[in-house]
Amino acid sequence: MFASLSDRLTATFRSLRGKGRLTEDDINTTVAEIRRALLEADVALPVVREFTAAVRERALSAEVSAALNPGQQIVKIVNAELVEILGGQARDLHFAKRPPTVILLAGLQGAGKTTLAGKLGKWLRDQGHTPLLVASDLQRPNAVTQLQVVGERAGVPVWAPEPGNGVGDPVEVARSGLAHARDKQYSVVVVDTAGRLGVDAELMAQAANIRDAVDPDEILFVLDAMIGQDAVTTAQAFADGVGFTGVVLSKLDGDARGGAALSVAKVTGQPVLFASTGEKLTDFERFHADRMASRILD
Ligand code: GDP
């Protein structure tokens, strides 16, 4: 048994010398191994198909390097493709030229949006911004209280619905929160929104209405890395229903191998910007495509 795909591929080609091109048979064997690894990592089937076809093409035309054996060489190609699809070096958040910058969070219920709002709030504060969290998830009982608790822990104020500023109306809460942020000169507004366990037309429309009310600079789609094969349909529904500019992958501390990230990035063309890796406020970091590529190939 070999521990990783890299080891398996290297072993497959141990007998070959670094001369000439790889034969088609060699490449087929390798591509079959890669296909298995991607499916085991929960990458969606259409993405696996497209990806392996691209790798096959690149491998067929690649000169065999003197320094690497053919197995290592294909692993290198695969790695480079994975990193590229995942968005390469994570870009910075887009900040508005004139504050406040507005960041809208979208995703299924339980994806980790409210937790992320706290993490992002703390992260922004640590960077010298003055964030305000806005509780526009009025669907889930306790979501507002949960955001208040998280905000308190993060040392970031929370705009919650109260009589006069939008009780029962998440769009009005977002709108009044933004007005408050302008008034008090907060530099970033993070708007938490409601999500269902499954994709839901009404809540999708609600998120789109909130979007239209606050004109966000970033819409972050929060995706539970454990969701596996469902990632593509969920992401597509959010891409169509609300649209998003970046992905945050949550629950990466679990044993999911991160195939969901690859599927979503590939299908929507949006980069993964952040990774959430636990329940604590500090379990949060910029996303590293190279680390994720290794995790997928491991
Ligand atoms: P929301 O419904 O999208 O707002 O999701 P929540 O923020 O309430 O998160 C749902 C559950 O997942 C909570 O129990 C969180 O503590 C937990 N959670 C959120 N992010 C992470 C993470 O990165 N890792 C782990 N292990 N749990 C997380």
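Me: What makes the space taken by the ligand a pocket?
Reply: The space taken by the ligand is the largest pocket. On a 1 Å grid over the protein atoms alone, a pocket is an open set of points with protein on both sides within 12 Å along at least five of seven lines, whereas a cavity is a set where a 1.4 Å probe fits but cannot get out. A molecule sits in a pocket if more than half of its atoms lie within 2 Å of its grid points. This is a predicted model, in which local features need pLDDT of at least 70, side-chain atom pairs count only at pLDDT 80 or more, and totals for chains, interfaces and linings use all residues. Residues are numbered from 1 along each chain as its sequence is written, and side-chain values use heavy atoms, with hydrogens and water left out.

Me: Which residues come nearest to the ligand?
Reply: There are 17 residues around the ligand, and Gly 110, Thr 114, Thr 115, Asp 253 and Glu 279 come nearest. A residue counts as near if one of its heavy atoms lies within 4 Å of the molecule. Helix H5 (residues 113–126) gives the largest share of this shell, four residues; helices (H or I, at least four residues) and strands (E, at least two) are DSSP runs, numbered from the N terminus.

Me: How much of the ligand does the protein bury?
Reply: Taken alone, the ligand exposes 570 Å², and the protein buries 80% of that. Such areas come from the Shrake-Rupley method with a 1.4 Å probe.

Me: Why do strands E3 and E8 stand at the edges of the sheet?
Reply: The open sheet has eight strands in the order E3-E2-E4-E1-E5-E6-E7-E8, with mixed pairing. Strand E3 (158–159) and strand E8 (284–286) each have a single partner strand, so one side of each is left without a neighbour in the sheet.

Me: How do you know that E1 and E4 pair?
Reply: Two strands pair if DSSP finds at least two bridges between them. Four bridges join E1 (residues 101–106) to E4 (residues 188–193), so these parallel strands pair.

Definitions and conventions: 1 Å grid on protein atoms, 1.4 Å probe; cavity = no way out; pocket = protein on both sides within 12 Å on 5 of 7 lines; lining within 4 Å.
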